[in-house]
Every structure is written in structure tokens, then in C-alpha cells.
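Please examine the sequence and the structure shown below.

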Amino acid sequence: MSEASIKVSVLRYRPEQDQQPIWQDYVVPYSDDLSLLAALNYIKDELDGTLSFRWSCRQAICGSCGMMVDGKPQLACKTFLRDHPNGVKIEALAHFPIERDLVVVMDSFIEKLESVKPYLIPKDVRALEQGEYLQTPAEMDVYSQFAGCINCMLCYAACPQVGLNPDFIGPGAIALLQRYNLDSRDGGAEERKALINSEVGVFNCTAVGYCSEVCPKMVDPANAVNINKMASAKDFFFRFLPTNTKGCK
């Protein structure tokens, strides 16, 4: 083959025939603008139609194509093979059960997102005739960073504590919780506090910070975890303060 090519090694798992995951190598035509997702689609279309992986938008919006690329959690659509001139090794996201090839089981992740009550819990119930719950651009800016999560799960694959304790609610869910706690229209922080303070809450985090490093949308889930650690610590210590300060000088 005269044209340039590159080797893509995929850790495959087909439950109907494989006892355990096995490596399979593919050679694909190379160009400087070739993304890993494009390479995987070439393999799927031209070399091996049995290869399974998730993808949708190709623009780092949907979060579907997360996988381990040479051991690092990345989006396939944002990864270019020019940065891997000696070939690349692809695996399913770490810390998740493998359903097939590069497809992982997402059930536990979805349950964790649901557990933080990711919806507005109004401070005051308004009648329909009172109109919308209004918010200024400045109030939206307070939480907008944490609203940028695309649920790609890269932060979970990067988090060593998720690997050690699968029940830990994890960085992505805590960032989502923080998004709603900071929303000026929301009054649900107290309802979410029990989860934050629980055995599966923020103090599982050991402050590695790798979750924020791999985030493709710069959400900074590590910061959300730290903010809630401080809030949880305050709750713990404040309960020992006297509630009756009458006569204190």
C-alpha cells in the first residue's frame, strides 16, 4: 500500500464469543486531519463491521464517543492520530462494565445523575398568572461553567476513587448538583445536602484533580467537589456552635 497508514489497536470484547477482552489490530489510511472517530468509522465501514462503539455528533457536543486512548480518557472526535504517530491503543472507558467492545454499561452513571435531583426545585411556588421565574445574565453566569457538562463520563474514567468505590457519586454528578445549587431560581440545596454528606458523597474524593484535566468542556468538576467539601465541613462544625447567643458580647 503506497499511501500512508497507521495502526489502530482496539481492545475488543464480544460476550457471545470472548471469555475476556482481546486486542485486535487494524491498519487505516492516514492523513493529518484524521480523527480517531473517523478512523473507527473507517474500520467499521471498510474492515470490520462487527466493531461496536458509540458516537453521534462528531463535534464534542453529544459526549458519546468517550474511550481510553493510550490509557487516557478522551473523546474520539477530538483526538487526532497525528498526535499518535506510532499508532494508538483504544479501550473502553475505565471503571465501567464493558457491554461490547468500546461500549460500556451506563446504568450506574445515570442513577448517580438522577440522585442529585438535577432539576429546579423552586424556592417559592408561583401561580401561572405570576409569570416565569426570571433570571439575569449575571445570575446565570454564576453557574454557567457547571452547566457545560456533556455527560461524556471521562471524569469518571479518570477518577481513582470511582475505581475503588463504585458507589461514590463521582465528579460529574457533583458538578451537576453544584449547577443547580448555584441557580438563583433553585431552593433545593438543603434536599441535596444529605447526599453530599453521605458515605457516597464528597469526602470519597482524594483531590487528585485528574477529572478536571480530562474534561473536554472545562467544567472543572474538581472545583465543584471542593466547594461542596467546604460546605459539608461547615455544616459539621456549625452544629456544635450554640444556637442561643443572647447576652453574648
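What percentage of the 249 residues of the chain count as buried? The share is 41%, where buried means under 20% relative accessible area with a 1.4 Å probe, protein chains only. This is a predicted model, in which local features need pLDDT of at least 70, side-chain atom pairs count only at pLDDT 80 or more, and totals for chains, interfaces and linings use all residues. Residues are numbered from 1 along each chain as its sequence is written, and side-chain values use heavy atoms, with hydrogens and water left out.

The chain holds 9 helices and 7 strands, these being DSSP runs of at least four residues (H or I) and at least two (E), numbered from the N terminus. Its C-alpha trace spans about 90 × 40 × 35 Å along the principal axes. Among contacts (heavy atoms within 4.5 Å) with a separation of 6 or more, 63% join residues 24 or more positions apart.

On a 1 Å grid over the protein atoms alone, a cavity is a set of points where a 1.4 Å probe fits but cannot get out, and lining residues have an atom within 4 Å of a point. The largest cavity has a volume of about 130 Å³, a volume being the space filled by probe spheres set on the points, which are joined across faces, edges and corners. Its lining comprises 16 residues, of which Cys149, Cys152, Cys155, Gly172 and Cys215 are the closest to the centre. Helix H4 (154-158) and helix H6 (170-181) each supply at least two lining residues; the largest share, 3 residues, comes from H4.

How values were computed: Buried means under 20% relative accessible area, exposed over 50%, partly exposed in between (1.4 Å probe, protein chains only). On a 1 Å grid over the protein atoms alone, a cavity is a set of points where a 1.4 Å probe fits but cannot get out, and a pocket is an open set with protein on both sides within 12 Å along at least five of seven lines; lining residues have an atom within 4 Å of a point.
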